[in-house]
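Please take the sequence and the model together, and follow the chain from its overall fold to its side-chain pairings.

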Amino acid sequence: GNCSQEDEIVEVTGPASSTLSAPEMAALLTAELGREITYEEVDPPPFPAYLALWTFLRGGGFDKSTDSVKKVTGKSPVDFRELVRELKSQLS
């Protein structure tokens, strides 16, 4: 279905199974791709606009799930592991 209001802001997330930290994503990628994928945290670039993004991400900014995708599209969101499996040939 369509959004009810033209100016409505919709928070789009994946399913709850995809609310992974960066180290958890690296572990999942390692398991699915059969090669070691590591995560290394780095300092944000020296641009003020990036500092807010870094703060958001490090604070677990995407550590939640909504039903927005299902409501807007009528389809369930794709799980991160499922996406990796779909794209495996391109990621290997």
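Which pattern does the protein follow when it is read along the sequence? The pattern is α-α-α-α-α, and the secondary structure accordingly comes to five helices and zero strands, where helices (H or I, at least four residues) and strands (E, at least two) are DSSP runs numbered from the N terminus. This is a predicted model, in which local features need pLDDT of at least 70 and side-chain atom pairs count only at pLDDT 80 or more, while totals for chains, interfaces and linings use all residues. Residues are numbered from 1 along each chain as its sequence is written, and side-chain values use heavy atoms, with hydrogens and water left out.

Along the principal axes, the C-alpha atoms fill a box of roughly 45 × 35 × 20 Å. Of the 92 residues, 15% count as buried, a term that means under 20% relative accessible area, with exposed set at over 50% and partly exposed in between (1.4 Å probe, protein chains only). The protein exposes about 7200 Å², of which carbon and sulfur atoms supply 55%, the areas coming from the Shrake-Rupley method with a 1.4 Å probe. Among contacts (heavy atoms within 4.5 Å) between residues at least 6 apart in sequence, 64% join residues at least 24 apart.

The next topic is the aromatic rings. Rings of Phe, Tyr and Trp (its six-membered ring) pair if their centres lie within 6.5 Å, and planes under 30 degrees apart count as stacked, over 60 as edge-to-face and the rest as tilted. Tyr50 and Trp54 are four residues apart in helix α2 (residues 48-58), and are therefore separated by about one helical turn. Tyr50 is partly exposed at 39% relative accessibility, and Trp54 is likewise partly exposed, at 22%. Ring pairs link Phe47, Tyr50 and Trp54 into a cluster.

Side chains of opposite charge can pair when their charged atoms come close. The structure holds five salt bridges, each defined as a side-chain nitrogen of Lys or Arg within 4 Å of a carboxyl oxygen of Asp or Glu. One of them joins Lys64 and Glu11 at 2.7 Å, N to O; because Lys64 lies in the loop between α2 and α3 (68-73) and Glu11 in the segment before α1 (22-33), this pair ties together parts that are 53 residues apart in sequence. Lys64 is partly exposed at 41% relative accessibility, as is Glu11 at 40%.

Another salt bridge joins Glu32 and Arg81 at 2.6 Å, N to O, and this pair links distant parts of the chain, with Glu32 in helix α1 and Arg81 in helix α4 (residues 80-86), 49 residues apart. Glu32 counts as buried at 11% relative accessibility, whereas Arg81 is partly exposed at 30%. Lys71 and Asp67 also meet in a salt bridge, at 3.7 Å, N to O, with Lys71 exposed at 59% and Asp67 partly exposed at 44%. Finally, salt bridges that share partners join Glu32, Arg81 and Arg85 into one network.
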